[in-house]
Amino acid sequence: MPELKCNVQTCQHNKNFLCALDRVEVGGTKATIAGETCCDSFVERSKESYSNSVYDSSSDKKASLCSYVDCKATECMYNNNCECQAGKIDVEGNHACHCDGTNCATFQCK
């Protein structure tokens with residue numbers, strides 16, 4: 001399970017640059033560059049839910065440093081049977097409103 005750093009502060013799962021989900025899905029079946037990937041688990045945060053806390057009061061869950069990553073970007077060198085094998089991944093997407101505004105910055109084409 002890779003360490004996951006999420007810079008998508010507009011996502012409701014982002015808790016102080018960590019993800020509150022145990023399982024994240026990265027899309028980009030035909031991706032050959034990082035910009036063609038996306039975080040399919042992205043859900044836009046409402047303005048009322050912005051927080052710098054790693055604690056998710058809506059689900060009584062603390063965000064974790066590591067998450068299982070179900071990766072559909074089959075051309076990524078870290079993808080092994082749709083499971084990310086990178087030690088660390090970064091999800092990017094400043095000001096994203098939809099999942100297609102995000103990407104896996106760790107993506108490396110085989």
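Trainee: Which residues touch the most other members of the largest nonpolar core?

Mentor: In this predicted model, the largest nonpolar core has 21 residues, and Leu4, Val8, Val69, Ile89 and Val91 touch the most other members. The elements giving two or more residues to this core are β1 (3-6), β4 (23-27), β8 (68-71) and β11 (88-92).

Trainee: What makes β1 and β11 a pair?

Mentor: Two strands pair if DSSP finds at least two bridges between them. β1 and β11 have four bridges, in the parallel sense, so they pair. As one of the details, cysteine 6 has valine 91 in β11 as its bridge partner.

Trainee: Which residues is valine 91 in contact with, leaving aside its neighbours within four places in sequence?

Mentor: Those are Leu4, Lys5, Cys6, Asn7, Val8, Cys39 and Asn103.

Trainee: Why is one side of β1 and of β12 left without a neighbour in the sheet?

Mentor: Three strands form this open sheet, with mixed pairing, in the order β1-β11-β12. β1 and β12 (103-104) stand at the edges, and each has a single partner strand, so one side of each has no neighbour in the sheet.

Conventions
Residues are numbered from 1 along each chain as its sequence is written. This is a predicted model: local features need pLDDT of at least 70, side-chain atom pairs count only at pLDDT 80 or more; totals for chains, interfaces and linings use all residues. Side-chain values use heavy atoms; hydrogens and water are left out. A nonpolar core is a set of buried Ala, Val, Leu, Ile, Met, Phe, Trp, Tyr and Cys residues joined through side-chain atoms within 4.5 Å. Buried means under 20% relative accessible area, exposed over 50%, partly exposed in between (1.4 Å probe, protein chains only). Contact means heavy atoms within 4.5 Å.
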